[in-house]
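Open the model in your viewer and keep the selection tool at hand.

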Amino acid sequence: MSAPATGPADVEDIPMTHRQRIEALVGLLLGMFVAFLSSTIVSNALPTIITDLHGTQDQYTWVVTATLLASTATTPIWGKFSDLVSKKLLVQMSLALFTIGSILAGTSQSVDMLIGYRVIQGLGLGGLQALVVIVVATMFSPRERGRYQGPMAAVMSVATVAGPLIGGLIVDTSWLGWRWTFYVCVPLAVVALMVIQRTLNLPVVRKKVSIDYGGALLIASGVSTLLIWVTLAGKSFDWASATSYGLVALGVVLLAAAVFVESRVSSPIIPLHLFRDRTTTLATLASVAVGVALFGGAVFLGQYFQIARGYSPTAAGLLTLPMIIGSMVSATISGQMITRFGRWKAYLVAGAALMTVGFGLLATIDAHTNMVILGVYLFVLGVGMGMTMQNLVLAVQNNVSPANLGAATSTVTFFRSLGGASGVSVLGAILSNHVTDLIAKGLSAVGIDAGQTGGSQAGLANLNELPGPIADIVRGAYGDGTARIFLVAGVMAALSLVAICFIKEVALKTMSSDEERRAEAAAAALASTEDTQPR
C-alpha cells in the first residue's frame, strides 16, 4: 500500500534556530518523561496488582511482555511514517495513545484485561521510543548530540527513580490503591502534549512511501508465536510435545516469510539493505543482546526486593537508586566526552564490559545477600547501561543517510525491544520453572509433600494466604532463583560486548540530518542548474 503524494509542507522550510531546537528538545524530553514514568511506576506495584487480581507468575511476565511486544511490532511502522508525515503529529498521536492505554489499564478487573490494555500502552510506547530519537537526530548532528545525552539520560533516570517510588507510595497508601499508578500520569501527559504543540516546528518533508503492512503483520505474528511458546511450554504443555514443536515451526515459518516479503517489497518495514553496513549489523546484534539483558534482568528486580527480601514497594524503588545513579552519571560524562573528542567506540566497549561484570556479580546473589554489596553490583551495572544504550543508536545514525534515518533508527530500536520482549518471556519462564523446583525442594526439606493442599499451589498468586513457614519457603525460592536470571542476562551482555568489539569506529558527522537533507537538496539543485546551462 502506498500513501499518496501530498502538497507543500505544513511548516515553512526554514532551519530552526538553536533556541527553537532547545525548546523543542524540552517538549520531547517531557513526553519521554511521561512515557518512562508511566512504564516504571507500575514495576513495584505489579506484585500487589497480581496478588490482588489473583494472577500467576506467567501472567506477571505477560503484563510486562504485552507492552514490550506491542511496542516492538509497531516501532518500525512509526519510523516509516516519520518519513511520510509530520513527526510532530506522530509524537502527539503516540503520546495520546499511550495515555488512553494507561487510563484503561487502571480500570482492569482481571489480569487478562490488564494485559489487553497494556497492549494499547505498548502501541503508543512504540512510537515514542522511536520518534523522540529520530526527531533529536533530525535537529542535532551526531557530534553535538553527545552534549544532550546527559539531559536525556537524566530524564530517563529521574523517571526510572520517581516511577517506582511514586508507584510504591501509591500502593502503600490505602485510600489510593494500585489503580492510581495508571491514572497519575494523565495530567503530565496533557502538559507534554501542550508543550510539544507549541515548541516542535520541524518542516514536513513529504514523499511517496510504501508501508509494508504484510511484513509488519508477519513479523509481529512470528515473534508473538515464539513468545507464547516460551511462556506456556512446560506448564500448559510439555517442552517435548506436538504443541511445542508446532508453535516453534509456525513461528519460524512466519519469520522466514517475513524475511522473504521484506526482500521483495519496494519499501520494507525493516530494509534488509541496511545490514550491508557492518556497523548497523553489529549494532543490531548488540542491541538484541542488550535488550534481553536489560529488560529481562531489570523487570524482576522489583519482584526480588519485595517478594524475596520483604521490602515495601517504596523501599524497593529506593533500592534501585545505585543502578539509576550509575546510569545517569556515566551517560552524562560519556556524552560530554564524545562531543568534545568525537570518539565513541571506547565508551561502548567499556559499557558492555561493565554490564557483563555487573550481571555476573548479580548472578551470585541469593535471599540473604548483604544489601550494601548488592547496591555496589547495581551501580556497576548502571554505569555500563549509561555508556551503552544511546551510543549504540548514535553509531548507526552516524552511518546512514538522512533518507534512511527513520528506518535505521527504528530498526535498531525494534531489535532492542524484540530482545527485551523475548528476554522477559524467556527469563520469566526460566525463573518460574526454577522457583517451582526450589519450592518443591524446600517443602520436601521440611517434610511437606508438594502434592498436599497448600504445597502444590504455593506461589506468588496466593502468597499472602499461605501459612508462615510455607510463605518463607516461597520467598526464599524467589530470592535464590533470581540469580539464574542475572546469569543468563550476563551471557547476553557478553555477546553484545563481542559484537561491539568488531564495530569499526567512524568519525562523527558535524551536520544534523536536517542540515544534510538541505545540503543534498542544494547540491541537486545546483547540478540541475548546471545541466540546463548552454554549453
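How many of the 29 residues of helix 5 are buried? Select residues 111-139: helix 5 is mostly covered, with 22 of its 29 residues buried. Buried means under 20% relative accessible area, exposed means over 50%, and partly exposed lies in between (1.4 Å probe, protein chains only). From its first C-alpha to its last, helix 5 reaches 41 Å, close to the 42 Å expected at 1.5 Å a residue. The expected span of a helix is 1.5 Å times one less than its number of residues.

Before the next stop, some notes on the model. This is a predicted model, in which local features need pLDDT of at least 70 and side-chain atom pairs count only at pLDDT 80 or more, while totals for chains, interfaces and linings use all residues. Residues are numbered from 1 along each chain as its sequence is written, and side-chain values use heavy atoms, with hydrogens and water left out. Helices (H or I, at least four residues) and strands (E, at least two) are DSSP runs, numbered from the N terminus.

Next, select residues 87-105 (helix 4) together with residues 186-199 (helix 9). Their axes are 10 Å apart and pack at an angle of about 170°, which makes helix 4 roughly antiparallel to helix 9. Axes are lines fitted to C-alpha atoms, for helices over the stretch in contact, and angles run from 0 to 180 degrees between N-to-C directions. Angles under 35 degrees count as roughly parallel, over 145 as roughly antiparallel, 65 to 115 as roughly perpendicular and the rest as oblique.

Show the side chains where these two helices meet. Helix 4 contributes Lys 88, Val 91, Gln 92, Leu 95, Thr 99 and Ile 103, which meet Val 186, Ala 189, Ala 192, Leu 193, Ile 196 and Gln 197 of helix 9.

Move to residues 242-262, helix 11. Colour Ser 244, Leu 247, Gly 251, Leu 254, Ala 258 and Glu 262, which are buried. Looking down the axis of helix 11, the buried residues fall within an arc of 100° (taken from the directions from the helix axis to the C-beta atoms), so they line one face of the helix. Ala 242, Tyr 245 and Val 253, on the other side of helix 11, are exposed.

Now pick Leu 405, in helix 18 (residues 405-445). Leu 405 is buried, at a relative accessible area of 6%.

Finally, select the whole chain. The chain has 20 helices and 0 strands, and buried residues make up 56% of its 535 residues.

Terms used
Contact = heavy atoms within 4.5 Å.
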